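User: I have this protein open and would like to go through a few spots in it. Can we start?

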Amino acid sequence: MVAPWVVDDRIDLRTLDLAETEAFVRALGQPAYRGEQLWRWVHGAGARTWDEMSNLPKALREALADQAELGTLTVDQVQTSRDGTRKLRLTTRDGRAIESVLIPDGEKLTQCISSQVGCALDCQFCATAKLGLARHLDPGEIVDQVYRARALLAEVEPGRRITNLVYMGMGEPLHNYDNVIKSLRLLTHELGANLSQRRITVSTVGLVPAIEKLGREDVRPNLAVSLNASCDEVRDQIMPVNRKYDIARLLGAIRAYPLERRRRVTFEYVLLAGVNDTMDDAARLARLLGGIPCKLNLIPWNPHPEAPYQRPSPEAIEAFQNQVKRLGLPAYLRTPRGDDIDAACGQLANRAQGAPVVPLRRRAGRA
Ligand code: SAH
């Protein structure tokens, strides 16, 4: 089997779907049903060792230990914000760092996952953009973020479950289209993590052909679109992707997107003082989005070094929100979570400041 995720001749089982796992196991001379047993361990139980796969014959476990990997990410830092948000830094097999964030909100616990190492889109207000794109994450690296977070939770907050998943970490998920789609299939499979696709959201800068393609898939996550401006002049400046797919084309694709009943598209709108936060912007926004089943998430800009922007004053933010609401848009203010540890929107860039970084092996309760 030749796949980009074969490392040192060993295949990462986290990247394989059920049929591929069955084929892999058959190639080892084992009956196909062993594939399903193995798959449940890898994707359902998030197993970390071959030894714990108690219903598999020893010979198979030995062959697996020899030829396969059980996920390639290691969690090497966990930072906890004063608001309870946790940022995990995970390292890939080739030594790249990615980030994943756990955001508690009452009963809800949302995990924000990365889809790429860095990002190619160059949005001017975003810290991840400054890294450039190192590479795509493979499907195993995407899903392993969830499995590693679950394992961490089992230790620090037993009983707590991840209820929602958002592809809003580092990277542009629709730029890494095939791997993201495969990760969605893996994560929603009933014998795997069994997450509901209604509780998964994929966020995009607005890659129009990929949005059209997503509308034709059998797996149907919620869609979020980072709009961030009310006219092309401003969007061209702050999101270079707009020069390729402008607002009219983007919203055309959204209007044509086959939304299921009672579902809405989320538009994200980062508020930048003096750039996109005027009453004229609010009015244009309401005109642009009129008739689209949607909600607007207003995100006051989260600062990071080397960005020439400012967060609007609380009064300006409130005035903007009131204005778009008056004009008929359901608009929610996304209060920054984890900003003291650079875990908030647009702050993921492998910096470790604020709360002290606790190396995992020194955490209380571990030898
Ligand atoms: N590339 C995808 C997924 C990342 S989601 C996308 O852009 O949708 C990250 C969200 O945070 C986006 O809505 C983005 O517009 C927003 N964002 C980026 N930098 C930010 C910052 N410094 N402050 C607040 N929001 C930011």
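User: Leaving aside neighbours within four places in sequence, what is glutamine 323 in contact with?
Analyst: Setting those neighbours aside, glutamine 323 is in contact with Met279 and Ala282. Bear in mind that this is a predicted model.

User: Where does glutamine 323 sit?
Analyst: Glutamine 323 is in helix H10.

User: Why does glutamine 323 count as buried?
Analyst: Glutamine 323 has a relative accessibility of 17%, and buried means under 20%, so glutamine 323 counts as buried.

User: And how far is glutamine 323 from histidine 304?
Analyst: Their C-alpha atoms are separated by 28 Å, and the two residues are 19 residues apart along the chain.

User: Next, glycine 328. Where is that one?
Analyst: Glycine 328 is in the loop between H10 and strand S15, which covers 331–333.

User: Is glycine 328 buried or exposed?
Analyst: Glycine 328 is exposed, because its relative accessible area is 57% and the cut-off for exposed is over 50%.

User: What separates glycine 328 from glycine 291, in sequence and in space?
Analyst: In sequence they are 37 residues apart, and in space the C-alpha to C-alpha distance is 9.9 Å.

User: Switching to the ligand. Which residues come nearest?
Analyst: There are 21 residues around the ligand, and Glu172, Ser203, Ser226, Asn228 and Asn302 come nearest.

User: What sort of residues make up the shell?
Analyst: The shell around the ligand has 10 nonpolar, 9 polar and 2 charged residues. Strand S11 (200–204) and strand S13 (265–271) each supply at least two residues of that shell.

User: Which atoms pair up at glutamate 172 and serine 226?
Analyst: For glutamate 172, a polar side-chain atom lies 3.0 Å from a nitrogen atom of the ligand. For serine 226, an N or O atom in the side chain is 2.6 Å from an oxygen atom of the ligand. Threonine 204 has a polar backbone atom 3.4 Å from an oxygen atom of the ligand.

User: How much of the ligand does the protein bury?
Analyst: The protein buries 95% of the 540 Å² that the ligand exposes when taken alone.

User: You listed Asn302. Where is asparagine 302 in the chain?
Analyst: Asparagine 302 is in the loop between strand S14 (294–300) and helix H10 (314–326). Asparagine 302 is buried, because its relative accessible area is 3%, against a cut-off of under 20%.

User: What does the side chain of asparagine 302 pair with?
Analyst: The side chain of asparagine 302 makes a polar contact of 2.9 Å with the side chain of arginine 311.

User: Last topic, the largest nonpolar core. Which residues touch the most other members?
Analyst: That core has 92 residues, of which Phe125, Tyr167, Phe267, Leu289 and Leu296 touch the most other members. Helix H4 (residues 139–156) gives the most to this core, with 7 residues. Another core lies apart from it, with 16 residues, including Phe24 and Trp50.

User: And what is phenylalanine 125 in contact with, beyond four places in sequence?
Analyst: Its contacts there include Asn228, Ile238, Met239 and Trp301.

Terms used: Residues are numbered from 1 along each chain as its sequence is written. This is a predicted model: local features need pLDDT of at least 70, side-chain atom pairs count only at pLDDT 80 or more; totals for chains, interfaces and linings use all residues. Side-chain values use heavy atoms; hydrogens and water are left out. Helices (H or I, at least four residues) and strands (E, at least two) are DSSP runs, numbered from the N terminus. Buried means under 20% relative accessible area, exposed over 50%, partly exposed in between (1.4 Å probe, protein chains only). A polar contact is a pair of N or O atoms within 3.5 Å; within protein, one must be able to donate a hydrogen and the other to accept it, and residues adjacent in sequence count only if both atoms are side-chain atoms. A nonpolar core is a set of buried Ala, Val, Leu, Ile, Met, Phe, Trp, Tyr and Cys residues joined through side-chain atoms within 4.5 Å. Contact means heavy atoms within 4.5 Å. A residue is near a molecule or strand if one of its heavy atoms lies within 4 Å of it. Accessible areas come from the Shrake-Rupley method with a 1.4 Å probe; for residues, only the protein chains shown count as cover. Ala, Val, Leu, Ile, Met, Phe, Trp, Tyr, Cys and Pro count as nonpolar, Asp, Glu, Lys and Arg as charged, and the others, Gly among them, as polar.
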